[in-house]
Amino acid sequence: MGLSPLVWDGRIASYATWWANQRRYDCSLTHSTGPYGENLFWGSGSDWTPTFAVESWTVEAKSYNHMTNSCEGGMCGHYTQIVWRDTKRIGCARVVCENGAGVFITCNYDPPGNYVGENPY
């Protein structure tokens with residue numbers, strides 16, 4: 001693919017922290033609809049890490065068919081956001097849910113990707 005690695009961005013991480021804090025009371029997998037691309041993760045218990053969340057999204061690569069630009073046999077939208085050719089910066093945040101429902105993690109990407117009809121790379 002020849003893609004450049006994503007660079008951590010403190011401004012985007014602050015946004016991710018803001019959104020995670022909005023979800024800390026219900027842990028709802030609700031997107032922020034903000035200016036960034038966004039992947040969300042929820043897991044029961046308290047041991048989940050952003051690294052694990054990103055790894056779980058990259059596993060979706062096996063469902064992505066580049067020739068048809070489609071998902072086959074599963075989800076792949078988290079994966080395509082991570083590898084979107086124009087995305088350069090990332091910021092993530094993690095909160096333990098107040099209701100005891102587990103952990104909420106969000107990663108945000110700039111510029112966003114996943115435009116319908118466009119290949120990620």
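Biologist: Why is Tyr 79 called buried?

Modeller: In this predicted model, the relative accessible area of Tyr 79 is 8%. Buried means under 20%, so Tyr 79 counts as buried.

Biologist: What makes Tyr 64 and Tyr 79 an aromatic pair, and why is the pair called tilted?

Modeller: Their ring centres are 6.1 Å apart, and the cut-off for a pair is 6.5 Å. The planes are at 50°; stacked needs under 30 degrees and edge-to-face over 60, so tilted is what remains. Tyr 64 is in strand 3 and Tyr 79 in helix 3, 15 residues apart. Tyr 64 has a relative accessible area of 10%, so it is buried.

Biologist: Why is the pair of Tyr 15 and Tyr 36 called edge-to-face?

Modeller: The angle between their planes is 70°, and over 60 degrees counts as edge-to-face. The centre-to-centre value is 5.1 Å. Tyr 15 lies in helix 1 and Tyr 36 in the loop between helix 1 and strand 2, so the pair ties together parts 21 residues apart in sequence.

Biologist: How do you know whether Tyr 15 and Tyr 36 are buried or exposed?

Modeller: Relative accessibility is 17% for Tyr 15 and 13% for Tyr 36. With buried set at under 20%, both residues count as buried. Tyr 15 and Tyr 36 also belong to one aromatic cluster with Trp 18 and Trp 19.

Biologist: What makes Arg 85 count as lying over the face of Trp 84?

Modeller: Arg 85 is at 5.3 Å from the ring centre, against a limit of 6 Å.

Technical notes
Residues numbered from 1 in each chain as written. Predicted model: local features only at pLDDT ≥ 70, side-chain atom pairs only at ≥ 80, totals over all residues. Heavy atoms only, no water. Phe/Tyr/Trp six-rings, centres within 6.5 Å; stacked < 30°, edge-to-face > 60°. Helix = DSSP H or I, 4+ residues; strand = E, 2+ residues; numbered from the N terminus. Buried < 20%, exposed > 50% of the residue type's maximum accessible area, 1.4 Å probe, protein only. Lys NZ or Arg CZ within 6 Å of the ring centre and 35° of its normal.
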